[in-house]
Amino acid sequence: MALLIILISCLVIILATSQPCQTPDDFVAASSPGHIMIGGLFAIHEKMLSPEEYPRRPEIQRCAGFEISSFLQTLAMIHSIEMINNSTLLSGVKLGYEIYDTCTEVTVAMAAALRFLAKFNCSREIVELKCDYSSYTPRVKAVIGAGYSEISMAVSRILNLQLMPQVSYESTAEILSDKIRFPSFLRTVPSDFYQTKAMVHLIQKAGWNWIGIITTDDDYGRFALNAFAIQTAANNVCIAFKEVLPAFLSDNTIEVRINQTLEKIIAEAHVNVIVVFLRQFHVFNLFSKAIERNINKVWIASDNWSTATKITTIPNAKRIGKVVGFAFRKGNVSSFQSFLQNLHTFPTDRNKALKEYATLLSACAYVEDSDLSQCISYHSQGTSAYKANKDVERNFSLRNDFLWEYSEPGLVHSIHLAVLALGYALRDLCQVRDCQNPNAFQPWEQIQSKCSKECSPGQMKKTTKSQHTCCYECVSCPENHYSNQTDTDRCLLCNNETHWAPVRSTKCLEKEVEYLNWNDPLAFLLLALSLLGIMFVLVIGIIFTRNLNTPVVKSSGGLVFCYVILLCHFLNFASTGLFVGEPQDVTCKTRQTLFGVSFTLCVSCILTKSLKILLAFSFDPKLQNFLKCFYKPIPIIFTCTGIQVVICTLWLIFAAPAMEENISLPRVIILQCEEGSILAFGTMLGYIAILAFICFIFAFKGRKLPENYNEAKFITFGMLIYFIAWITFIPIYATTAGKYLPAVEIIVILISNYGILCCTFFPKCYVILRKKETNTKSAFLKTIYSYSSRSAGSLGMGHVSLDSTVSNMTVTNSSFDGKSAAWQRSKELQAFKHVCKENAASVSTTWPRKRLASI
């Protein structure tokens, strides 16, 4: 009996093989009347039959290869529409549907789309050509589908003519988010951008970096491959091979390409992970042949087939290896299960797909559930025959559980959301219009009625906690991101090297180029202080030149020595000008070198002066002997400065400072000098600090000089100011960013330069200008004698006779002007002799002539 049923079914199939459709109604897989008609596009069959290699006549052939999963998708749409009709969402308004079988072919889908656009209450084959379709009323108000991105793109371009809403439940190609090209396209699933990003994240976390990829030769496959390649390149994942298969089963080369792909997989033995962007029937054929060749890999599945029950029916499917997939979010689809349980009670007179399923089910009545899909696939390869036998109803009731096990909850939920989104849009329209009248509204008006308001440019959609993906929030694009389209899923990142964008931006803005400009108020103030310092230097030079022969100038080392120090201060003040203005490589190299060498020369001169003072007033013979050997002014200055010159030269040769663009700040590009080597920069400053510290020690030891001429004390203060300034500089410089970073160094240079200049020269200028009576030889010597007598008494110089001391003093004093007789008769000398007689009857050591001569 079973054999007889199978023979009858096959006979029916053979009689109808390769027959083209006779009337446009042959397209319709299922329909139901209603006040508002909703179109549907589902690939119920996997291919279109053709008796020739390529079409020779403009006719649409019948389809073959019944797809149970797609059939279940049509049932999900019907069930969702019935749920709305049985609810109060559209009170008094009934939704009808007209579902077409695309046969997985773009041509068939476009033919169906033309019928959707046919004018209402007119022949189904008439589509009027108009310049403005705003008042045009087609038979169908909206379309659910299609599943494949390739088909959705083609259909959307036709539906765009009338801005008819198209809600896809499975098309994930990222290009469909472009509202310029696809203004009426909507979907209830995320784009491939997020899927490819998640795949690469999985691959990276698993530690895989050598993978293969297989995709289809259509828009979906190409866009997915491109997005995936970009993501992998950004995450250091390499693609060993890229294999592309024909998009449609009707292509005669598909078997050859699958075999070539398997050979490539075998050849690339080190590739153990393969990403697969294919359709279900591609994967079914690929895996079936891979099992025959004992290929065992890790397969990463796209959402197209990750939950496909058909793949699990492949014999010995576990031998294929491990499959890791990404699927759509699931929802509550328990009502759909109840719908399937009562499917045998559903009328089949306007549902050809249901009739064909009944026919195929009866042909496989005695096949186990595990082999039922294979049996249905085998019997449906000839054509779609819509005749059933008398055992259909009984078989329905026996095999309803099989349909539920074969369903994909994620897709069912996605279709339910698509229908529900249209339902909510229609509810808003029907509250103010009589939707029982087919002319109450046009399709494009539904686009204005949404669960959520349209996100404007500068915003992106963020799905709420609601299970409806059509309900979302509009959030502003964060800083450095933008969107120039409405209802975009994500904001685009600006090139942060050259551009930036504020919050909720519609475009990227060019970063402004900034540096410490001459017109900047802070730069103007600092340069004014530098000019003031230069004026001080010039005035001091003039004062010292005019008072060349006074004791104060002579005691400072002479005019040449003072000129050298003043020149160093002049160069230090002048170097601050190189820190202002647009940085150039030349200025970057010059400014640090000029400051480093000139400041080192200045400190070296002051170090020599401190050593001289200590030598002149030291009463410790051991220290005095050491200082005599060490005190060589010109060699000391040249040596100390030469070391700094060597440091700066090596710096310029091996890691010279240069101009760079700092792009780390979000809104501006900072032109700044990159020091080249922090080590060299630190060495230069550290060397100056060492010299300053030695100078400070020498000056500190000579701090108790005569009160009217306490140069060592002022040098000590100057060095302290230097140390405080540069110790403060280090943390501030390390934590400061932006165009005012050079201003920090300018301020420190000014503070240290002013500190040393004021402490070194201002007291002397004060004596020259305001205390002229103390700037004489007699007053100067009197002060020295008084200090020396006190020092001699405190040291108890008991082993040196007064006569010897006086004699030494007389010889020393004669060096001032050659008039020793006059000085011997002076009252100061007599007073000094008197003091020495009383307080230093015996002196242990003699006073060296050279030391007193220097005084």
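Q: Which residues does Q231 touch, not counting residues up to four places away in sequence?
A: Leaving out residues up to four places away in sequence, Q231 touches F193, T196, K197 and V200, where a contact means heavy atoms within 4.5 Å. The structure is a predicted model, in which local features need pLDDT of at least 70 and side-chain atom pairs count only at pLDDT 80 or more, while totals for chains, interfaces and linings use all residues. Residues are numbered from 1 along each chain as its sequence is written, and side-chain values use heavy atoms, with hydrogens and water left out.

Q: Why is Q231 called buried?
A: The relative accessible area of Q231 is 14%, and a residue counts as buried under 20%, as exposed over 50% and as partly exposed in between, with a 1.4 Å probe and protein chains only. Q231 is therefore buried, and its place is in helix α6, residues 219–234.

Q: Is N236 buried or exposed, and how do you know?
A: N236 has a relative accessible area of 66% and is therefore exposed. N236 lies in the loop between α6 and β10 (238–245), and its phi is near 60°, a positive value in a residue other than glycine.

Q: Is D487 buried or exposed, and how do you know?
A: D487 has a relative accessibility of 5%, so D487 counts as buried. D487 is found in the loop between β16 (481–482) and β17 (492–493), and its phi, near 55°, is a positive value in a residue other than glycine.

Q: How do you know that the buried residues of α10 line one face of the helix?
A: In helix α10 (residues 334–341) the buried residues are F336, F339 and L340. Seen down the axis of α10, these residues fall within an arc of 95°, so they line one face of the helix; the arc is that of the directions from the helix axis to the C-beta atoms.

Q: Why are α11 and α12 called roughly perpendicular?
A: Helix α11 (residues 352–363) and helix α12 (residues 369–379) pack at an angle of about 115°, with their axes 9 Å apart. Such axes are lines fitted to C-alpha atoms, for helices over the stretch in contact, and angles run from 0 to 180 degrees between N-to-C directions. Angles under 35 degrees count as roughly parallel, over 145 as roughly antiparallel, 65 to 115 as roughly perpendicular and the rest as oblique. The two helices are therefore roughly perpendicular to each other.

Q: Which residues of α11 and α12 meet, and how do they divide into nonpolar, polar and charged?
A: Y357, L360, L361 and A363 in α11 meet L372, I376 and H379 in α12. The residues of this contact divide into six nonpolar, one polar and no charged, where Ala, Val, Leu, Ile, Met, Phe, Trp, Tyr, Cys and Pro count as nonpolar, Asp, Glu, Lys and Arg as charged, and the others, Gly among them, as polar.

Q: What makes α15 roughly parallel to α23?
A: The axes of helix α15 (residues 521–546) and helix α23 (residues 741–770) come within 10 Å and cross at roughly 25°. That angle makes α15 roughly parallel to α23. The residues of their contact divide into 20 nonpolar, two polar and one charged.

Q: Why are α17 and α23 called roughly antiparallel?
A: The axes of helix α17 (residues 559–575) and α23 come within 10 Å and cross at roughly 160°. The two helices are therefore roughly antiparallel to each other. In this contact C562, I565, L566, H569, N572 and F573 in α17 meet residues of α23 including I749, L750 and N753, and the contact residues divide into ten nonpolar, three polar and no charged.

Q: What is the handedness of the crossing of α17 and α23?
A: α17 passes α23 in a left-handed crossing. A crossing is left-handed if the near helix is turned anticlockwise from the far one by less than a right angle, and right-handed if clockwise. The crossing of α15 with α23 is left-handed, whereas that of α11 and α12 is right-handed.

Terms used
Helices (H or I, at least four residues) and strands (E, at least two) are DSSP runs, numbered from the N terminus.
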